[in-house]
Amino acid sequence: MQEPKWGYDFLKMLVELWNKHQWIADFYPIGADIFVFVYPIFLTYWYLSGMITKNKLFKQDALIIFFSCLFSVIVNILSQQFFDKQRPIYEFWIQSVDNETLLHSWLPTTSFPSDHAVVTFSIAIATLLIGIKYHKRSLKIWSVFLFIFAILTGICRIGTTVHWTTDIIAGTIVGLLIPIILVLPACYSRLEKWIFEPVIRLEERIISKLFWARKTLG
């Protein structure tokens with residue numbers, strides 16, 4: 001699978017910026033992964049907020065965002081089986097393939113579509129959709145930052161030659177499409193019945209037993 005000229009040119013431009021500006025060279029490797037760590041913190045915070053305030057909707061928010069990401073990743077992994085596209089590092093990396101860094105040696109050869117793009121954009125769009133659905137201004141504001149993180153992550157992963165431009169675009173499409181499907185009433189009601197409510201009931205049962213055991217021991 002070949003990269004189109006416009007995608008190749010965009011990657012080449014980002015690589016040239018890497019070579020010209022030291023601050024960009026320093027930022028690319030950090031930006032390629034660091035923003036991903038925001039998502040578990042965000043989801044954990046949102047679910048814990050629901051536990052503390054005993055607000056079931058907060059818990060459902062966190063769960064739909066999480067499962068939107070999970071299903072998007074599953075679809076992406078399945079789609080990767082139909083494409084054979086090597087990462088641009090094999091063409092642009094200064095070192096030879098035999099002497100590549102430990103980080104790059106662990107990367108899967110197939111790069112299309114990008115898992116990072118799927119994760120970052122699925123969480124961003126799911127957050128926005130839930131914010132719109134339940135008129136939650138806080139989630140809408142969060143989604144703005146999450147979209148910025150997603151875009152920066154994609155640019156940095158292209159700039160570090162881990163992904164081609166079209167890898168990120170394809171991952172973005174998958175990441176946006178699956179959550180949109182999942183929040184449709186027909187899908188959402190089934191997810192709520194078969195996943196969200198059982199998970200929340202299990203969590204509440206575990207918490208109540210822990211507190212009961214603590215009181216008994218006390």
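Author: Happy to! Among the elements of this predicted model, helix α6 (residues 102-105) has the lowest mean pLDDT, 45, while helix α9 (residues 165-182) has the highest, 95. Here pLDDT is the predictor's confidence in each residue, from 0 to 100, and helices are DSSP runs of H or I with at least four residues, numbered from the N terminus. Over residues 94-105 the pLDDT is below 50, and beyond near neighbours in sequence this stretch makes ten contacts in the model; a contact means heavy atoms within 4.5 Å. For the protein, the average pLDDT is 85, with 87% of the residues scoring at least 70.

Residues are numbered from 1 along each chain as its sequence is written. Local features need pLDDT of at least 70, side-chain atom pairs count only at pLDDT 80 or more, totals for chains, interfaces and linings use all residues, and side-chain values use heavy atoms, leaving out hydrogens and water.

Now to the pair. Helix α1 (residues 5-20) packs against helix α8 (residues 137-159) at an angle of about 80°, their axes 8 Å apart. That makes α1 roughly perpendicular to α8, a label for angles of 65 to 115 degrees. Axes are lines fitted to C-alpha atoms over the stretch in contact, and angles run from 0 to 180 degrees between N-to-C directions. On the α1 side, F10, L11, L14, V15 and W18 meet I155, I158 and G159 of α8. By class, this contact has seven nonpolar residues, one polar and no charged ones. Ala, Val, Leu, Ile, Met, Phe, Trp, Tyr, Cys and Pro count as nonpolar, Asp, Glu, Lys and Arg as charged, and the others, Gly among them, as polar.

Terms used:
Helix = DSSP H or I, 4+ residues; strand = E, 2+ residues; numbered from the N terminus. Parallel < 35°, antiparallel > 145°, perpendicular 65-115°, else oblique.
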